[in-house]
Amino acid sequence: MGEYRTLIRSITGHITDFIVPLKCVGCKTLSTILCNQCKTRLFDECESCLFCKTAVGRGVCRTCTRTLYLSSIVSATSYKHQLAKTIITQYKYHGVRSLAGVMASMMTNALGASGGALHHPLVIPIPLHRLKERRRGFNQSELLAALIAKTASLPKIEKNVFVRTRKSPPQVTAASADEREKQVRGVFIVRDDTPIRGRDILLIDDVATTGATLKEAAKTLKNGGAENIHALIFARG
Ligand SMILES: [Zn+2]
Ligand SMILES: [Zn+2]
């Protein structure tokens, strides 16, 4: 039954991909999947630390960097825009995979504009639990990571090296940052540390609200021998 449902979902995902691109998800005009005007509306100048909200560039302050293992967090937009929420919902839950291209290009542009000194980082998507991935039909972060790695000519980690061993509830359901932290504690493991040892990492995710998932992933990768860990996300909270 599960397999059947996955198949249907996968087919409807492809059909949606085929039909929707003519209409902008923002203003519904016949255009591209996200027209230039709507893209401009998503611009976000937010430069505070995701964790302690101190006003700084790079998305994470120095104090938080020391304890959280994240050297920088760059985001393409903010979750405070209703349109950013719509894009995530359409992409992630309604199977509009054709949004991945525009999301990835916005993320790559944001990374370029941030001017960070990244040393040919290894691109790593935040893994989904395999059952969740099977149910959804795809890992939203994996698809973004593949496109970003291709555009920026960066290496991407092989699947099954960095994995999620436990399912956790969607991050939007957590009541607080503390609760979210508890939900994600110990959910990731590094199966093989060879590819990550001594490497700079570019972690990819679609959304970061409390930052707990990024934090946990960064900790796991750091313990696995990674050097500097940067995060690139589509929308931040
Ligand atoms: Zn539009
Ligand atoms: Zn901070």
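Residues are numbered from 1 along each chain as its sequence is written, while chains are lettered from A and ligands numbered from 1 in the order in which they are written. Because the model is predicted, local features need pLDDT of at least 70 and side-chain atom pairs count only at pLDDT 80 or more, whereas totals for chains, interfaces and linings use all residues.

**Exercise 1.** Describe how helix α5 and helix α7 cross, and state which residues meet.

*Solution.* Helices (H or I, at least four residues) and strands (E, at least two) are DSSP runs, numbered from the N terminus. Two packed helices are described by the angle between their axes and the distance between the axes. Axes are lines fitted to C-alpha atoms, for helices over the stretch in contact, and angles run from 0 to 180 degrees between N-to-C directions. For α5 (residues 99-114) and α7 (residues 140-151), the axes come within 9 Å and cross at roughly 55°. That makes α5 oblique to α7, given that angles under 35 degrees count as roughly parallel, over 145 as roughly antiparallel, 65 to 115 as roughly perpendicular and the rest as oblique.

Next come the residues, where contact requires that C-beta atoms, placed from the backbone, lie within 7 Å. A100, G101, M103, A104, M107 and T108 in α5 meet L143, L144, L147, I148 and T151 in α7. By class, this contact of α5 with α7 has eight nonpolar, three polar and no charged residues, where Ala, Val, Leu, Ile, Met, Phe, Trp, Tyr, Cys and Pro count as nonpolar, Asp, Glu, Lys and Arg as charged, and the others, Gly among them, as polar.

**Exercise 2.** Work out how α4 is placed against α5.

*Solution.* The axes of α4 (residues 82-93) and α5 come within 10 Å and cross at roughly 130°, which makes α4 oblique to α5. In this contact I87, Q90 and Y91 of α4 meet L99, A100 and M103 of α5.

**Exercise 3.** In what order do the strands of the open sheet stand, and which strands are at its edges?

*Solution.* Two strands pair if DSSP finds at least two bridges between them. The four strands of the open sheet follow the order β1-β6-β5-β2, with parallel pairing. β1 (72-78) and β2 (122-125) stand at the edges with a single partner strand each, so one side of each is left without a neighbour in the sheet. β1 pairs with β6 (residues 229-236) over six bridges, and S72 has H230 in β6 as its bridge partner.

Note on methods:
Two residues are in contact if their C-beta atoms, placed from the backbone, lie within 7 Å.
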